[in-house]
Amino acid sequence: MRTREFWRRDQVFDFMLPPLQSRELDLSHGIVLYLENVTVSFDGFKALNNLNLYVNSGELRCIIGANGAGKTTMMDVITGKTRPDTGSVFFGQRIDLTKYNESEIAAAGIGRKFQKPTVFENHTVLENLELALQANKTTFATLFARLNAEQRDRIDEVLKIIGLTDQVYLRAGLLSHGQKQWLEIGMLLVQNPYLLLVDEPVAGMTQQEIERTAELLLSLAEKHSVVVVEHDMVFVRSIARTVTVLHEGSVLAEGKMDEIQNNPKVIEVYLGSELTA
Ligand SMILES: Nc1ncnc2c1ncn2[C@@H]1O[C@H](COP(=O)(O)OP(=O)(O)OP(=O)(O)O)[C@@H](O)[C@H]1O
């Protein structure tokens with residue numbers, strides 16, 4: 001039965017879909033991302049179990065949860081790396097993300113930053129941003145292509161946002177760990193994503209870099225929607241507007257940081273030790 005459904009979806013319905021890039025993102029209900037009753041099983045184990053999550057347009061959402069709670073699997077489902085067994089995943093009102101692949105979803109405006117920075121160390125900060133801007137070209141073609149005025153302006157704007165204007169001609173390999181993380185966020189920003197997914201952005205950062213990252217992510221919200229997965233509770237407290245707590249593949253609690261911190265269920269399964277830190 002499942003095979004037949006997949007066959008029908010891939011062979012018939014996907015064929016009829018217009019390219020994702022050409023579809024307008026419909027934010028008329030103010031919600032950029034819908035996950036409804038999403039379940040993902042690995043060999044019978046439910047990494048996501050009827051997960052429901054709604055992210056508002058322009059919101060900065062923090063997702064917390066113990067190891068194995070399902071945070072990475074959730075990101076994988078949004079970006080098309082993992083297909084849910086059941087449930088629906090919508091980008092705005094109309095774009096069914098389960099019907100598209102990872103590169104189509106990225107091109108449609110969902111950028112993902114993994115925990116480990118993956119900048120091109122042998123290229124300058126500027127070249128890294130150029131490469132990200134023209135991600136569909138080869139490295140060689142990109143570095144020799146001329147940027148148009150709009151692209152140059154966008155790169156200048158992003159350099160200011162990520163605070164690397166003075167390092168524009170520096171080789172990325174010479175940046176500090178924090179600066180590499182910001183450059184990678186910049187590489188997503190040049191593509192003007194609607195939604196940014198950021199995985200543990202402050203792991204390994206100095207206190208000063210953590211504070212700068214908090215400012216950066218806060219400055220991105222509104223123009224973009226941002227979903228941050230993070231274990232560092234001090235950091236989460238400093239940026240959080242709404243916090244979602246995942247536990248065993250479902251939402252255990254959701255609300256303002258104060259409510260979450262005082263929620264007995266959350267304290268029991270996750271925050272007990274973190275809160276007193
Ligand atoms: N490909 C896979 N095959 C089998 N089990 C998997 C796979 N991916 C994830 N899991 C399991 O699913 C559960 C959820 O994993 P996931 O990585 O989503 O959790 P997480 O909240 O991101 O954890 P962490 O904070 O450690 O990164 C875990 O028990 C994990 O072992």
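**Exercise 1. Find the order of the strands in the open sheet of four strands, and name its edge strands.**

Step 1. Let us start with the order: this open sheet runs S2-S1-S4-S5, with antiparallel pairing. Strands here are DSSP runs (E, at least two residues) and helices are DSSP runs too (H or I, at least four residues), both numbered from the N terminus. Two strands pair if DSSP finds at least two bridges between them.

Step 2. Now look at the ends. Strand S2 (45-56) and strand S5 (95-96) are the edge strands, each pairing on one side only.

Step 3. Next, go inside the sheet. Strand S1 (residues 31-42) pairs with strand S4 (residues 86-91) in the antiparallel sense, over five bridges. Within this pair, Leu35 stands opposite Val89 in S4.

Step 4. A contact means that the C-beta atoms of two residues, placed from the backbone, lie within 7 Å. Axes are lines fitted to C-alpha atoms, for helices over the stretch in contact, and angles run from 0 to 180 degrees between N-to-C directions.

A note before you go on: this is a predicted model, in which local features need pLDDT of at least 70, side-chain atom pairs count only at pLDDT 80 or more, and totals for chains, interfaces and linings use all residues. Residues are numbered from 1 along each chain as its sequence is written.

**Exercise 2. Describe the open sheet of six strands and its pairing.**

Step 1. The order is S6-S7-S8-S3-S9-S10, and the pairing is mixed. At the edges lie strand S6 (110-113) and strand S10 (250-255), each pairing on one side only. From one strand to the next, the twist averages 20 degrees.

Step 2. Check a parallel pair: strand S3 (residues 60-64) and strand S8 (residues 225-229) share four bridges. Here Ile63 has Val229 in S8 as its bridge partner.

Step 3. H2 packs on this sheet as well, touching S3, S6, strand S7 (195-199), S8 and strand S9 (242-247), and its direction makes about 150 degrees with that of S7.

Step 4. Check an antiparallel pair: S9 and S10 are joined over five bridges, and Leu246 has Val251 in S10 as its bridge partner. Their hairpin has two residues between the strands, and Glu248 takes a positive phi near 50 degrees.

**Exercise 3. Decide how far the model's confidence reaches.**

Step 1. The mean pLDDT (the predictor's confidence in each residue, from 0 to 100) is 87 for the protein, and 85% of its residues reach 70 or more.

Step 2. Over residues 1-15 the pLDDT is below 50, and this stretch has four contacts beyond near neighbours in sequence. Where pLDDT is low, the predicted coordinates should not be read in detail.

Step 3. For the model scores, note ipTM 0.95 and pTM 0.87.
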